[in-house]
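This report describes one protein model for a reader who is new to structural analysis. Please keep the sequence and the structure in view while reading.

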Amino acid sequence: MNLPNKITIFRVILIPFFLIFLYLPQIPGNKWIALGIFVVASLSDMVDGKLARKYNWVTDFGKFMDPLADKLLVCSAMIALIELDRIPAWIVIVIIAREFIISGFRLVAADNGIVIAAGWWGKVKTAVTMVMLCVVIPDLAAVFPGAAGVIHIVEQILIYTSLILTVVSLIDYLIKNKGVIKTYK
């Protein structure tokens with residue numbers, strides 16, 4: 001259990017705390033605390049990956065748990081934001097479906113000894129989705145009611161950009177890795 005793996009476990013442990021603060025308006029500044037936890041958890045993903053690669057601390061546990069921890073964090077945030085009426089459910093379904101499709105595809109590839117690295121479109125999608133969530137989580141329109149219209153437009157642009165990049169990155173991923181299905185036994 002090396003440091004990157006401990007950081008990954010820490011990220012998973014942060015998820016319930018993120019949700020508790022997001023859902024409890026009785027706590028002053030709850031959404032800002034939730035945002036802080038989300039940002040720390042998101043940044044921990046970069047830290048554990050860099051440490052694992054730099055010091056050759058890559059483990060099978062990390063290869064499995066790191067992407068799972070990321071998906072748990074992002075999916076938890078999006079599903080919670082549906083309930084809080086901040087993101088439409090159908091958009092979250094498309095985004096989560098992409099994650100399942102890619103994960104399944106990677107399992108097929110791994111079963112055939114093929115390792116598929118994340119592509120450029122997937123990395124851009126992830127970055128935009130994280131920024132979108134950081135803008136949507138604190139409900140800035142409630143904090144700055146005078147700018148609610150502009151904030152709503154920015155949120156919608158980020159949400160739909162995330163959606164478009166989700167679809168584009170899925171198509172790109174499937175096209176670039178179509179040979180994986182042919183090798184499936």
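Which backbone oxygen lies 3.0 Å from a polar atom of the side chain of serine 169? The oxygen belongs to threonine 166. The model examined here is a predicted one.

Serine 169 is located in helix 7, which covers residues 148-176. With a relative accessible area of 2%, serine 169 is buried, because buried means under 20%. When neighbours within four places in sequence are left aside, serine 169 is in contact with Arg98, Trp121, Gly122 and Lys125.

Glutamate 155 is also placed in helix 7. Its relative accessible area is 3%, and glutamate 155 is therefore buried. Residues up to four places away in sequence not being counted, glutamate 155 touches Arg86, Val135, Val136 and Leu140. The C-alpha atoms of glutamate 155 and leucine 140 are separated by 9.5 Å, and these two residues are 15 residues apart along the chain.

**The nonpolar cores**

In soluble globular proteins, nonpolar side chains tend to be buried together. In this model, the largest nonpolar core has 32 residues. Phe18, Phe38, Ile87, Met132, Leu133 and Ile137 have the most contacts inside this core. At least two residues of the core are supplied by each of helix 1, helix 2 (30-54), helix 3 (60-83), helix 4 (89-111), helix 5 (120-136) and helix 7. Helix 3 gives the largest share, seven residues.

Isoleucine 137 shows what such contacts involve. Apart from residues up to four places away in sequence, isoleucine 137 touches Phe18, Leu22, Lys31, Ala34, Leu35, Phe38 and Leu81. There is also a second, separate core of eight residues, and among them are Ile102, Val108, Ile116 and Tyr173.

Which residues make the nonpolar surface patch of about 690 Å²? The patch is formed by Met1, Ile9, Ile13, Phe17, Ile20, Tyr23, Leu24 and Phe61. Helix 1, residues 3-23, gives the most to the nonpolar patch, with five residues. Isoleucine 9 is one of the patch residues, and its place is in helix 1. Because its relative accessibility is 30%, isoleucine 9 counts as partly exposed.

**Salt bridges**

Side chains of opposite charge can pair when their charged atoms come close. The model has 11 salt bridges, counted where a side-chain nitrogen of Lys or Arg is within 4 Å of a carboxyl oxygen of Asp or Glu. The table presents some of these pairs.

| Salt bridge | N to O distance |
|---|---|
| Arginine 11 and aspartate 70 | 3.1 Å |
| Lysine 31 and aspartate 139 | 3.9 Å |
| Lysine 71 and glutamate 99 | 3.5 Å |

The side chains of arginine 11 and aspartate 70 meet in a salt bridge. Arginine 11 lies in helix 1 and aspartate 70 in helix 3, so this pair ties together parts that are 59 residues apart in sequence. Both residues, arginine 11 and aspartate 70, are buried.

The salt bridge of lysine 31 and aspartate 139 links distant parts of the chain, 108 residues apart. Lysine 31 is in helix 2, while aspartate 139 is in the loop between helix 5 and helix 6 (140-143). Is lysine 31 buried or partly exposed? Lysine 31 has a relative accessible area of 22% and is therefore partly exposed. Aspartate 139, at 18% relative accessibility, counts as buried.

Lysine 71 and glutamate 99 likewise meet through their side chains in a salt bridge. This pair joins helix 3, where lysine 71 lies, to helix 4, where glutamate 99 lies, and the two are 28 residues apart. Glutamate 99 counts as buried because its relative accessibility is 13%.

**Two loop residues with positive phi**

Where is asparagine 56 placed? Asparagine 56 is in the loop between helix 2 and helix 3. Its phi is near 55°, a positive value in a residue other than glycine. At 65% relative accessibility, asparagine 56 counts as exposed.

Aspartate 85 is in the loop between helix 3 and helix 4. The phi of aspartate 85 is near 60°, which is again a positive value in a residue other than glycine. With 68% relative accessibility, aspartate 85 counts as exposed.

Methods:
Residues are numbered from 1 along each chain as its sequence is written. This is a predicted model: local features need pLDDT of at least 70, side-chain atom pairs count only at pLDDT 80 or more; totals for chains, interfaces and linings use all residues. Side-chain values use heavy atoms; hydrogens and water are left out. Patches are made of residues with over 30% relative accessible area and no salt bridge: like charges are joined within 9 Å, nonpolar side chains (Val, Leu, Ile, Met, Phe, Trp, Tyr) within 5 Å. Accessible areas come from the Shrake-Rupley method with a 1.4 Å probe; for residues, only the protein chains shown count as cover. Helices (H or I, at least four residues) and strands (E, at least two) are DSSP runs, numbered from the N terminus. Buried means under 20% relative accessible area, exposed over 50%, partly exposed in between (1.4 Å probe, protein chains only). A polar contact is a pair of N or O atoms within 3.5 Å; within protein, one must be able to donate a hydrogen and the other to accept it, and residues adjacent in sequence count only if both atoms are side-chain atoms. Contact means heavy atoms within 4.5 Å. A nonpolar core is a set of buried Ala, Val, Leu, Ile, Met, Phe, Trp, Tyr and Cys residues joined through side-chain atoms within 4.5 Å.
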